[in-house]
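User: I would like to go through this model and ask, for each label, what value stands behind it.

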Amino acid sequence: MENFTTDFIVLLIGIFLLSGVLMTKLSARAGVPALILFMFLGMVLGSDISGLIYFSNAKIAQMVGVFALIIILFEGGLQTQWKHVRPVLGGSAVLATVGVLITTSVVAIAAYYVLDIGWLEAFLLGSIVGSTDAAAVFSVLSGQNIKQKLTSTLEAESGTNDPMAMFLTIVFIEWILMPDISAWSLAGMFLMQMGLGTLFGFGFGYIASKTMNKIKLDASGLYAVLSAGFAIFIYSLTAVLGGSGLLAVYIAAMIIGNRELTHSHSIFSFHEGFAWLMQITMFVILGLLVFPSELAQWDLIWKGLVLSFILIAVARPLAVFVSTIFFPYTTKEKWFMSWAGLRGAVPIVLATFPMLAGIENSTLYFNVVFFIVLSSALLQGSTIPYVAKLLGLNGPPVPKRIHTLELVSMDRANAEMLEFEVSELSPFAGQLVQTIGLPEKTVISAIIRQGNLVMPTGGTKLQTQDILYILTAKEQVANVKLVLGEELMK
């Protein structure tokens with residue numbers, strides 16, 4: 001690639017992005033997770049198939065992967081609503097810790113016998129595939145009408161179990177390189193990583209949200225850039241000080257996303273697009289790092305199939321059923337969560353750690369992990385909606401946003417535009433606008449009803465699925481929410 005001109009490299013980047021966006025449409029129609037197509041694009045452009053690009057730099061792939069995970073976790077945290085996470089916080093937290101340990105142990109036992117490697121190497125491989133993947137889970141569950149309880153549990157688990165898998169991966173690498181390391185030092189490392197990650201996440205999440213609301217910037221787009229800057233800063237500072245940067249980023253994003261934000265619409269839209277950009281980039285890069293000729297070996301194929309089967313059919317169900325034994329999940333819900341434990345970019349990124357550390361057989365681990373991720377995404381990722389339907393775990397249909405209006409915080413007018421949807425459970429369905437009892441300095445500016453604009457009057461009767469746009473003074477935002485309840489849409 002060093003022989004390419006600058007213009008040709010820019011052309012390749014444009015092809016990556018256009019192909020990635022078009023592949024999201026193809027994946028939706030084919031029922032295949034987009035990450036598979038992104039990785040396939042990278043493999044096709046690589047030296048083994050087209051010969052266009054030769055890429056084998058694991059360090060660059062790791063840097064791109066970690067940066068992408070920061071953005072993806074931050075966007076996922078912004079979209080996570082505390083009211084949905086709070087009831088399932090205990091179950092998701094145990095899944096993110098105990099569940100990862102159980103998965104790691106079961107896969108390690110299998111890897112020890114299947115791959116004929118040492119116990120430390122086996123547990124290293126188990127650690128790499130021990131966590132579910134936030135990018136895969138967020139993208140597959142997005143827009144699906146699966147019960148909110150299950151969606152929230154899986155998203156919270158995938159957003160918080162990456163630090164555990166990364167910690168275990170680093171621990172076993174250090175244990176292999178330094179066999180005399182003490183268990184006490186490892187325990188101290190764990191407490192520091194999780195403790196600092198949690199502390200910095202809550203602290204900087206609060207600071208970031210206050211800053212974004214107080215600071216006056218010249219352009220609304222700068223608020224989105226500011227939030228991205230906070231995400232990168234929170235990760236890097238936490239990681240440099242010995243904490244879990246990924247955990248800090250996800251917690252901080254949850255804090256920010258559940259507070260009132262100036263220019264929130266611009267911030268959320270920016271991060272949604274940014275996260276997709278990083279997903280495309282990350283999976284294409286990881287696909288380039290793979291050499292299909294090395295995967296197309298019968299010895300690797302049957303070993304990968306056995307380990308994939310054990311992960312999907314034994315390790316994940318055991319982790320779910322044990323971790324949720326004290327939490328109110330039905331048997332069907334546990335089986336669904338077992339099936340929805342998708343592996344994706346995180347295991348592949350973690351598989352670059354042994355390569356950079358110079359661990360023996362690290363290329364074998366990378367190829368096995370890639371094979372496991374590929375089979376998991378193809379088999380599980382493409383069937384999650386059908387499994388939910390088969391188990392009767394579909395929730396109410398996810399409301400589609402018929403109209404999207406730019407919600408702008410009007411600083412000079414000291415006003416806010418809020419959005420509210422009249423749901424089936426809303427007490428306002430069937431009521432007249434004049435009977436709602438909105439605070440003073442507040443008016444319903446517009447109603448979107450079945451794709452049509454309705455100009456409201458006091459005698460307008462509200463209907464289910466009406467989307468109201470409410471103009472109010474900034475000091476009345478809290479009172480408007482108090483009247484309308486928790487159904488204000490971000």
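Analyst: Residues are numbered from 1 along each chain as its sequence is written, and side-chain values use heavy atoms, with hydrogens and water left out.

User: Why is Ser-375 called buried?

Analyst: Buried means under 20% relative accessible area, exposed over 50% and partly exposed in between, with a 1.4 Å probe and protein chains only. Ser-375 has a relative accessible area of 17%, and therefore counts as buried. Ser-375 lies in helix 19 (residues 362-381), where helices (H or I, at least four residues) and strands (E, at least two) are DSSP runs numbered from the N terminus.

User: What joins the side chains of Ser-375 and Ser-308?

Analyst: They are joined by a polar contact of 2.8 Å. The term asks for a pair of N or O atoms within 3.5 Å; within protein, one must be able to donate a hydrogen and the other to accept it, and residues adjacent in sequence count only if both atoms are side-chain atoms.

User: What makes strand 1 largely enclosed by the rest of the structure?

Analyst: Six of the seven residues of strand 1 (residues 415-421) are buried, so the strand is largely enclosed. Strand 1 runs antiparallel to strand 4 (residues 467-473), with seven bridges between them, and pairing requires that DSSP find at least two bridges. In this pairing Phe-420 stands opposite Leu-468 of strand 4.

User: How do you know that the buried residues of helix 21 are on the same side?

Analyst: The buried residues of helix 21 (residues 477-484) are Val-477, Val-480 and Leu-484. They cover an arc of only 60 degrees around the axis, which puts them on the same side of helix 21; the arc is that of the directions from the helix axis to the C-beta atoms. The face turned away from the buried side carries the exposed residues Ala-478 and Leu-482.

User: Where does pLDDT stay under 50?

Analyst: It stays under 50 over residues 399-409, for which the model has 24 contacts beyond four places in sequence, contact meaning heavy atoms within 4.5 Å. pLDDT is the predictor's confidence in each residue, from 0 to 100. Where pLDDT is low, the predicted coordinates should not be read in detail. The mean pLDDT of the protein chain is 83, and 92% of its residues reach 70 or more.

How values were computed
This is a predicted model: local features need pLDDT of at least 70, side-chain atom pairs count only at pLDDT 80 or more; totals for chains, interfaces and linings use all residues.
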